[in-house]
Amino acid sequence: MKSLKEQLLQAGLKATPNPKAANERAKIKKKQVTEAVIHQEQRNFCEACQQVRPDVELYYHRNPTTEAEWICVKCADQLKIGDACRQTAQSDTSIKKMFRREHGVTRPASEFAAVQRSDRPKGPVNGNR
Ligand SMILES: [Zn+2]
């Protein structure tokens with residue numbers, strides 16, 4: 001035996017649409033930024049000359065002529081930023097132990113050994129700063 005609903009539908013009566021359904025929208029899945037996106041681990045973009053370079057390192061310097069901090073060797077030499085200001089040894093050139101400054105003394109790679117893997121940023125990283 002058919003239910004009353006089925007009988008009515010068969011007779012040509014249409015079910016009234018759910019008034020709430022008209023207001024519902026398909027849910028858009030947002031990307032999980034914090035989990036899905038792998039943060040950039042190696043930086044090779046020089047903020048001073050705006051070029052991709054294999055010898056970009058982080059410098060905390062007091063040179064007033066530039067706000068750049070991720071700087072390639074060529075720019076660091078031109079800006080006369082000492083290697084004492086260098087914070088990282090993460091570039092390809094450093095990894096290959098070819099990193100060498102023209103301006104002043106180059107710090108030995110051993111000084112950066114502890115910073116290499118343990119000093120990863122914990123929060124979200126803004127690559128554009
Ligand atoms: Zn540069």
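This report walks through the fold, the core and several loop residues of a predicted protein model.

## The model

The model is predicted: local features need pLDDT of at least 70, side-chain atom pairs count only at pLDDT 80 or more, and totals for chains, interfaces and linings use all residues. Residues are numbered from 1 along each chain, as its sequence is written.

## Overall fold

The protein has five helices and four strands. Both kinds of element are DSSP runs, numbered from the N terminus: helices are H or I with at least four residues, and strands are E with at least two. Starting at the N terminus, the order is α-α-β-β-β-β-α-α-α.

Of the 129 residues, 17% count as buried. A residue is buried if 20 or more other C-beta atoms lie within 10 Å of its own, exposed if 12 or fewer, and partly exposed in between; the C-beta atoms are placed from the backbone. Two residues are in contact if their C-beta atoms, placed from the backbone, lie within 7 Å. Take the contacts between residues at least 6 apart in sequence: 47% of them join residues at least 24 apart.

## The nonpolar core

In soluble globular proteins, nonpolar side chains tend to be buried together. A nonpolar core is a set of buried Ala, Val, Leu, Ile, Met, Phe, Trp, Tyr and Cys residues joined through C-beta atoms within 7 Å. The largest one here has 12 residues in all: Cys46, Ala48, Val56, Tyr59, Ala68, Trp70, Ile71, Cys72, Val73, Cys75, Ala76 and Ile81. α3 gives the most, with three.

Alanine 76 belongs to this core. Not counting residues up to four places away in sequence, alanine 76 touches Tyr59, Ile71, Ile81, Arg101 and His103.

## The loop between α3 and α4

Cysteine 85 lies in the loop between α3 (73-78) and α4 (92-95). Cysteine 85 counts as partly exposed because it has 17 C-beta neighbours inside 10 Å. Leaving aside neighbours within four places in sequence, its contacts are Tyr59, Tyr60 and His61. Cysteine 85 and arginine 62 are 23 residues apart in sequence, and their C-alpha atoms are 8.8 Å apart in space.

Glutamine 87 is also in the loop between α3 and α4. With 15 other C-beta atoms within 10 Å, glutamine 87 is partly exposed. Beyond neighbours within four places in sequence, glutamine 87 is in contact with Leu58, Tyr59 and Tyr60. Phenylalanine 112 is 25 residues away along the chain, yet the two C-alpha atoms are separated by 7.7 Å.

## Two lysines with positive phi

Most residues other than glycine have a negative phi. Lysine 80 has a positive phi of about 55 degrees, although it is not a glycine. Lysine 80 sits in the loop between α3 and α4. Lysine 80 counts as exposed because it has 11 C-beta neighbours inside 10 Å.

Lysine 97 also has a positive phi, near 60 degrees. Lysine 97 is found in the loop between α4 and α5 (115-118). With 10 C-beta neighbours inside 10 Å, lysine 97 counts as exposed.

## Valine 105

Valine 105 is in the loop between α4 and α5. Valine 105 has 9 other C-beta atoms within 10 Å, so it is exposed. Valine 105 and alanine 84 are 21 residues apart in sequence and 8.3 Å apart in space, C-alpha to C-alpha.
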